[in-house]
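These are my notebook entries on one structure. I set down what I looked up, entry by entry.

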2 protein chains.
Amino acid sequence: MADILAASPASDWRTPNPDYTLYLELDGGRVVLELNPALAPQHVQNVLKIVRSGYFHGLPIYRVQDNFVAQWGDASGTRPMLDGAKQLPPEFVSPVTPGQRVTELPDPDGFAPRVGFLDGFPVAMDQARSTLWPAHCYGVLGVGRDNAPDTGSGAELYVVIGHAPRQLDRNITVIGRVIYGMERISALPRGAAPMGMLAEPEQQSSIRELRVAADVAPEERSKLELLRTDSASFLAVVEARRNRRDAWYLTPAGHIDLCNVPLPMRQKP
Amino acid sequence: MADILAASPASDWRTPNPDYTLYLELDGGRVVLELNPALAPQHVQNVLKIVRSGYFHGLPIYRVQDNFVAQWGDASGTRPMLDGAKQLPPEFVSPVTPGQRVTELPDPDGFAPRVGFLDGFPVAMDQARSTLWPAHCYGVLGVGRDNAPDTGSGAELYVVIGHAPRQLDRNITVIGRVIYGMERISALPRGAAPMGMLAEPEQQSSIRELRVAADVAPEERSKLELLRTDSASFLAVVEARRNRRDAWYLTPAGHIDLCNVPLPMRQKP
């Protein structure tokens, strides 16, 4: 894979749009989240409003459930929302629009008739390619909700930190994914209470800041590039991982799981 | 799932055999590992010898690669092995023996023709059910090796801490899995060096002790029970997870991934 990336042309890489990039600043450092408005336009716009209102400042990561999710927001239910809707209609599944190009995987997927990547995000589609929905892979960013499907807003957010919980697909709104600093979330101490709740405030990590990259001075922004998932280099990465040819492997798998496909990121040259 | 477990008869539960159970004592507390000699008889016996020689005492967890594995052993290569073979022939794939009963999953798997559970362990089989091999799910314990397939011994061990790296199946010897205390491994700080190496000794967690449960005084042993994967209760758990009926889910997946199947554990009543 390193050889493919080293040989890739600059045009196979893209810079995340700062208008749709969030910086989650934790005690351990920065986590960079890329939002994808194509997956959930209303929720993405709402999260941008909530973030810009300063709502998340100082709120805790109050749930870290091993092999499932880390979640943050106002567990106490006492913080007033100064901007953004408190509830939104669900955006679990979207129609495929004419301009959308999904790079499909050649291998079957147990959870959906078709799977692949849309602008760097793992997605699934129906057989006819008429609707698509995000797949819950490691590092995916979603919007917590209660039992009623319209109870999410983006004031509660979670990141997948374990084996892909694909049973969540089509059941919850996904807005983005972690593109840098994932280990600052995945290595957080797990909550011992049911559902991974961290019962005591001193066990919880605090969010120093959650900001939109566009609102951060350019010199303080993370300089990252992502491999385009519609590029020839990405197709080569997928094939190299479907059938590992490095000296260590004796039996290439001949198959790849959607959530095992690496989504290469690099520091901007 | 809680209802199924609450209603399960005592006979659907088993106590791990202390002769094939390891206690990995870390600063954060105990991790319990169950070995399965059916998967890799020579490696399991060798690991028992190495463990009983005290080899692992004070050695570091020197590699924690995000979304992949945590690995421990003698990174310095200077500790003499007092017992156990230094190299063993690979035990990647085994013939299915007449007495082995695999509880098969009803859903297809992309990596193997058939998958299911053998005595609590996720396994895959060929179409004819003549050979089986362990599946690299979250929490699985394997034996590190170099490029040559016969370079593993059990003096280097790893645990899967991320999305199942099924490409490792049939390429490395698996001997067991974590049955308790997984979060003491999965939440370890990730290594920043290539392959998740923790370059500085002070970043590495130290193994206080690694012991065979049978060698530990009965009153100090962990009192755990595991749901039998050949029980009716386990089949009910699988079905409950294939199609989630709780109030939160709107769209049941109608499918389960081998590595998403919970393997229930409880404290002994």
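Which residue of S10(B) does Pro95(B) stand opposite? I found that Pro95(B) stands opposite Thr131(B) in that strand.

**Entry 1: ground rules.** I note that this is a predicted model, in which local features need pLDDT of at least 70 and side-chain atom pairs count only at pLDDT 80 or more, while totals for chains, interfaces and linings use all residues. Residues are numbered from 1 along each chain as its sequence is written, chains are lettered from A and ligands numbered from 1 in the order in which they are written, and side-chain values use heavy atoms, with hydrogens and water left out.

**Entry 2: the sheet of chain B.** I looked up the strands next (DSSP runs of E, at least two residues, numbered from the N terminus). I also noted the rule for pairing: two strands pair if DSSP finds at least two bridges between them. In chain B, five strands form an open sheet in the order S6-S10-S9-S8-S7, with antiparallel pairing. Its edge strands are S6 (94-95) and S7 (103-104) of chain B, each of which pairs on one side only. S6(B) and strand S10 (residues 131-134) of chain B run antiparallel and are joined by two bridges. Strands of a sheet pair through backbone hydrogen bonds, either parallel or antiparallel.

**Entry 3: the sheet of chain A.** Chain A has an open sheet of five strands in the order S6-S10-S9-S8-S7, again with antiparallel pairing. Here S6 (94-95) and S7 (103-104) of chain A are the edge strands, each pairing on one side only. I followed strand S8 (residues 114-118) of chain A, which pairs with strand S9 (residues 121-125) of chain A in the antiparallel sense over five bridges. Within S9(A), Val123(A) is the bridge partner of Gly116(A).

**Entry 4: the interface.** Contact means heavy atoms within 4.5 Å. The contact takes 38 residues from chain B and 38 residues from chain A. Of the interface residues of chain B, 100% are also interface residues in chain A, so the copies meet through the same surface. For salt bridges I required a side-chain nitrogen of Lys or Arg within 4 Å of a carboxyl oxygen of Asp or Glu.

**Entry 5: salt bridges elsewhere.** Over all chains the count comes to 32 salt bridges. In one salt bridge, Arg208(A) pairs with Asp27(A), and the closest N and O atoms are 2.9 Å apart. Arg208(A) lies in the loop between strands S14 (205-206) and S15 (209-212) of chain A, and Asp27(A) in the loop between strands S2 (21-26) and S3 (29-35) of chain A, so the pair ties together parts that are 181 residues apart in sequence.

**Entry 6: one arginine.** Arg211(B) lies in strand S15 (residues 209-212) of chain B. Not counting residues up to four places away in sequence, Arg211(B) touches several residues, including Tyr23(B), Val51(B) and Glu220(B).

Note on methods
Helices (H or I, at least four residues) and strands (E, at least two) are DSSP runs, numbered from the N terminus.
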